[in-house]
Amino acid sequence: MRAVVTRVQEAAVVIDGIVNGQIKQGFLILLGIAPEDTEKEAIKLADKICGTRVFEDENGKMNLNLETVGGELLIVSQFTLFADLKSRRPGFSAAAKPSIAIPLYEQFIKECQSKGFHVEHGEFGADMKVSSINDGPVTLLFDTDHL
């Protein structure tokens, strides 16, 4: 699994002109799933992201995690994180098919919710318009192959 995580002041996902998910302070998570990923990766990645300390403390140091600041999560499926960029036209065969990806996307959401976080999300496979006010900006790349 791969995730691009951006610390945001606010973020939203719109589908067909309707707001599907919206958060205030927290993380916008673009989540990509590979064919070999399992529930184990979903659990591991949710734990790592939710515990990451990138919010500033009273001294201006990135020392606080999502729970400490009362942050929220907006999770959006993003198969393009597994793009093959060897040619000018990206290939996406390294991304999981929906039969694998959808249950793991839903598992990742459930794992974050089980940690007590308010979670909003996009819709798997939908044409989504994602907006955010990035904070910092702080953007991190997580890959379960390297955690």
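Student: Let's start with H1 and H3: which residues in H1 meet which residues in H3?
Tutor: Here contact means heavy atoms within 4.5 Å. On the H1 side you'll find Glu39, Ala42, Ile43, Leu45, Ala46, Ile49 and Cys50, and they meet Leu104, Gln107, Phe108, Glu111 and Cys112 in H3. The residues of this contact divide into nine nonpolar, one polar and two charged. In that sorting, Ala, Val, Leu, Ile, Met, Phe, Trp, Tyr, Cys and Pro count as nonpolar, Asp, Glu, Lys and Arg as charged, and the others, Gly among them, as polar. Keep in mind that this is a predicted model, where local features need pLDDT of at least 70, side-chain atom pairs count only at pLDDT 80 or more, and totals for chains, interfaces and linings use all residues. Residues are numbered from 1 along each chain as its sequence is written, and side-chain values use heavy atoms, with hydrogens and water left out.

Student: At what angle do H1 and H3 pack, and how far apart are their axes?
Tutor: Two packed helices are described by the angle between their axes and the distance between the axes. Axes are lines fitted to C-alpha atoms, for helices over the stretch in contact, and angles run from 0 to 180 degrees between N-to-C directions. In this model, H1 (residues 39-51) and H3 (residues 98-114) pack at about 40°, with their axes 9 Å apart. That makes H1 oblique to H3, since under 35 degrees counts as roughly parallel, over 145 as roughly antiparallel, 65 to 115 as roughly perpendicular and the rest as oblique.

Student: Is the crossing of H1 and H3 left-handed or right-handed?
Tutor: Look at the near helix: turned anticlockwise from the far one by less than a right angle, the crossing is left-handed, and if clockwise, right-handed. The crossing of H1 and H3 is right-handed.

Student: Next, the core. Which residues in the largest nonpolar core touch the most other members?
Tutor: A nonpolar core is a set of buried Ala, Val, Leu, Ile, Met, Phe, Trp, Tyr and Cys residues joined through side-chain atoms within 4.5 Å. Buried means under 20% relative accessible area, exposed over 50%, and partly exposed in between, with a 1.4 Å probe and protein chains only. The largest core has 28 residues, and those touching the most other members are Phe27, Ile29, Leu31, Ile49, Leu73, Ile75 and Phe108. Strand S1 (2-15), strand S3 (26-32), H1, strand S6 (72-77), H3 and strand S8 (128-143) each supply at least two residues of this core. H3 gives the most, with six residues. There's also a second, separate core of nine residues, including Val8, Val13, Ile23 and Leu74.

Student: What does Phe27 touch?
Tutor: Leaving out residues up to four places away in sequence, its contacts include Val5, Val8, Ile49, Phe55, Leu66 and Leu73.

Student: Is Phe82 buried or exposed?
Tutor: Phe82 is buried, at 8% relative accessible area, and lies in the loop between S6 and H3. Phe82 and Ile33 are 49 residues apart in sequence, but 7.7 Å apart in space, C-alpha to C-alpha. Among the residues Phe82 touches, not counting those up to four places away in sequence, are Met1, Ile33 and Ala94.

Student: And where does Arg53 sit?
Tutor: Arg53 lies in the loop between H1 and S4 and is exposed, with a relative accessible area of 51%. Beyond its neighbours within four places in sequence, Arg53 is in contact with Met62, Asn63, Leu64 and Asn65.

Conventions. Helix = DSSP H or I, 4+ residues; strand = E, 2+ residues; numbered from the N terminus.
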